[in-house]
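Please read them beside the coordinates.

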Amino acid sequence: MATAQLDPAALSDLARTFRGELIQPVDATYDEHRKVWNGSIDRHPALIARCAGAEDVIAAVRLARQTALPLAVRGGGHSFPGHSMCDGGVVIDMSSLTGVSVDPETRTARAQAGALLGQLDSATQAHGLAVPAGIVTHTGLAGLTLGGGIGWLMRKFGLTVDQLLSVEMVTAGGEVVRAGEDENAELFWGLRGGGGNFGVVTEFEFRLNPLGPEVLAGPIFWPIEESPRLLRFYRDWIADAPDDLMTIVIHRKAPPLDFIPAELHGKLVVAVVACYAGSIDEGERVLRPLREFGSPVLDLCAPKPYLEHQAMFDPTFPHGRWYYMRACDVAELSDQVIDITVEHAMRIKSPLTAFPIWQMGGAVGRVPDDATAFTSRGAGHTFNLTSVTEGPEGFEEERQWTRDFWSALAPHHMGVYVNFLMEEGEERVREAYGPAKYDRLKALKREYDPENMFRLNQNVPPD
Ligand SMILES: Cc1cc2nc3c(=O)[nH]c(=O)nc-3n(C[C@H](O)[C@H](O)[C@H](O)COP(=O)(O)OP(=O)(O)OC[C@H]3O[C@@H](n4cnc5c(N)ncnc54)[C@H](O)[C@@H]3O)c2cc1C
């Protein structure tokens with residue numbers, strides 16, 4: 001594919017001071033560095049600027065401004081629609097900046113913007129501490145945090161953004177700003193859910209929470225035929241669940257793994273994956289009714305290191321497969337929602353498709369909605385209708401399954417988490433924030449990025 005050419009003078013100007021690596025289409029590592037997590041994304045940027053520090057970010061932002069080329073910003077490369085890679089433009093790639101430092105005395109951590117969740121978790125768990133973040137260790141901390149950050153610990157401690165103390169960012173004008181409650185408070189509000197709209201974040205500062213190191217966690221599986229009854233039981237069982245408990249329901253075809261009985265391989269199953277972040281004994285008591293419900297075919301819920309549980313989903317969502325996703329929040333698992341869910345789960349074709357239904361609530365819902373730009377605090381559950389194939393074969397059919405499922409749930413939609421949007425247009429981004437927050441984000445956008453340089457994201461245009 002033809003790629004746009006960078007102005008050679010602008011490029012050599014950048015190369016004079018740039019400490020990181022500048023990668024162009026002619027370079028041997030170009031293909032490696034333009035790959036993102038979602039294998040269905042195949043884009044060819046003119047330049048990948050692998051930054052080694054904030055000065056590099058400033059210089060790369062200036063180059064993008066000067067050349068007026070499209071600008072993408074890459075953290076962990078896990079954007080479902082592939083926003084962190086562009087055709088013919090400049091990619092500011094933060095993935096070499098993975099430092100995490102922990103201060104156990106003040107229970108705070110600083111993380112550079114290229115860190116992955118697994119790197120943050122290992123550094124904090126070394127001190128028995130944790131930042132609630134996502135459920136796959138190879139996800140980028142930056143993109144996840146800027147959208148909100150939901151995961152196993154959110155019902156106990158809140159979202160990832162609820163732990164943020166401050167953020168350092170390079171603006172579209174190439175200025176470094178710090179945002180926290182005490183400085184640039186409005187920007188700090190917008191960064192907690194508003195995504196990459198306002199600049200390139202170089203560092204996050206988080207409050208830490210005591211955790212583990214062991215949690216009671218893992219999946220319990222039932223045959224798909226039990227799903228209608230199980231989901232109704234589950235709905236009632238979680239109604240008064242303690243905040244220490246977080247669960248995700250998964251429907252999929254059982255993969256051919258050693259620990260799964262051979263007779264289940266390839267058969268549709270339903271699993272409730274639990275993580276109890278309090279005492280193990282208490283967790284055993286809370287989880288007992290679920291484990292005794294119906295006829296589970298496999299129960300892998302056991303005390304284990306939190307770090308081990310965090311990596312559980314890594315093999316389910318590896319790099320390079322083709323992924324498509326539509327998402328929605330719902331208030332509750334009503335009978336209609338359950339019926340739609342089971343009906344569509346039965347139609348899964350791909351052996352790789354697995355769709356999570358997240359249990360929300362707890363500490364997430366107790367933060368006032370207008371405290372941060374994140375907007376799904378009132379949701380009962382978040383559906384990720386993810387279709388997965390090894391490559392292009394069968395992808396279109398599986399995508400249609402996702403779209404049909406999403407449309408069937410439409411009467412029950414109550415919003416969407418911005419990090420689970422695909423390329424769905426401005427109206428959907430507006431819907432994700434609601435009109436009042438969307439206007440507030442627009443005002444911030446006018447202040448920090450009036451020309452919309454940072455538009456390869458869930459974009460909030462300035463006008
Ligand atoms: C396998 C998988 C598991 C996931 N699990 C969870 C989960 O458990 N919880 C959850 O909340 N979300 C989850 N997500 C969604 C995830 O939060 C988003 O995909 C997020 O964008 C990933 O961040 P990233 O840095 O890896 O992405 P990237 O693709 O690198 O970046 C995505 C966007 O974030 C912005 N961005 C990235 N870095 C910066 C920066 N330094 N400064 C400014 N903007 C930046 C840019 O707009 C960029 O386009 C998951 C996604 C995947 C693919």
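1. Lining of the largest cavity, by class. In this predicted model, the lining of the largest cavity holds 25 nonpolar residues, 22 polar ones and 1 charged residue. That makes 48 residues around the cavity. Its volume is about 940 Å³.

2. Centre and contributors of that cavity. Which residues of the lining lie nearest the centre of the largest cavity? They are His78, Ser79, Gly143, Leu144 and Asn419. Five elements each supply at least two lining residues: strand S3 (71-74), helix H5 (141-147), strand S10 (200-207), strand S18 (354-359) and strand S19 (381-389). H5 gives the most, with 4 residues.

3. The other cavity. The search of the whole structure returns 2 cavities of 30 Å³ or more.

4. Largest pocket. The volume here is about 570 Å³. The lining counts 25 residues, with Pro255, Leu257, Phe259, Met312 and Thr316 nearest the centre. Strand S12 (214-223), strand S13 (245-253), strand S14 (268-276) and helix H10 (306-310) are the elements that give two or more residues to this lining. S13 gives the most, namely 3 residues.

5. Second largest pocket. This one has a volume of about 280 Å³. It is lined by 17 residues, and those closest to its centre are Glu32, His33, Lys35, Arg74 and Ser95. How does the lining of the second largest pocket divide by class, and how many residues are charged? There are 3 nonpolar, 9 polar and 5 charged residues.

6. Overall fold and dimensions. The chain carries 15 helices and 19 strands. Its radius of gyration is 22 Å, close to the 23 Å that the globule rule gives for 463 residues, so the chain is as compact as a globular protein of that length. Along the principal axes, the C-alpha atoms fill a box of roughly 70 × 50 × 40 Å.

7. Burial, contacts and surface. Of the 463 residues, 59% are buried. Consider contacts between residues at least 6 apart in sequence: 73% of them join residues at least 24 apart. The accessible surface of the chain is about 17500 Å². Carbon and sulfur atoms account for 52% of that surface.

8. Where is Arg107 placed? It sits in the loop between strand S5 (100-103) and strand S6 (108-112). Arg107 has a relative accessible area of 40%. Buried requires under 20% and exposed over 50%, so Arg107 counts as partly exposed. Setting aside residues up to four places away in sequence, Arg107 touches Leu129, Phe206, Arg207, Leu208 and Pro210. Leu129 is 22 residues from Arg107 along the chain, and their C-alpha atoms are 7.7 Å apart.

Notes. Residues are numbered from 1 along each chain as its sequence is written. This is a predicted model: local features need pLDDT of at least 70, side-chain atom pairs count only at pLDDT 80 or more; totals for chains, interfaces and linings use all residues. Side-chain values use heavy atoms; hydrogens and water are left out. On a 1 Å grid over the protein atoms alone, a cavity is a set of points where a 1.4 Å probe fits but cannot get out, and a pocket is an open set with protein on both sides within 12 Å along at least five of seven lines; lining residues have an atom within 4 Å of a point. Grid points are joined across faces, edges and corners, and a volume is the space filled by probe spheres set on the points. Ala, Val, Leu, Ile, Met, Phe, Trp, Tyr, Cys and Pro count as nonpolar, Asp, Glu, Lys and Arg as charged, and the others, Gly among them, as polar. The radius of gyration is taken over C-alpha atoms; the globule rule is 2.2 Å times the number of residues to the power 0.38. Buried means under 20% relative accessible area, exposed over 50%, partly exposed in between (1.4 Å probe, protein chains only). Contact means heavy atoms within 4.5 Å. Accessible areas come from the Shrake-Rupley method with a 1.4 Å probe; for residues, only the protein chains shown count as cover.
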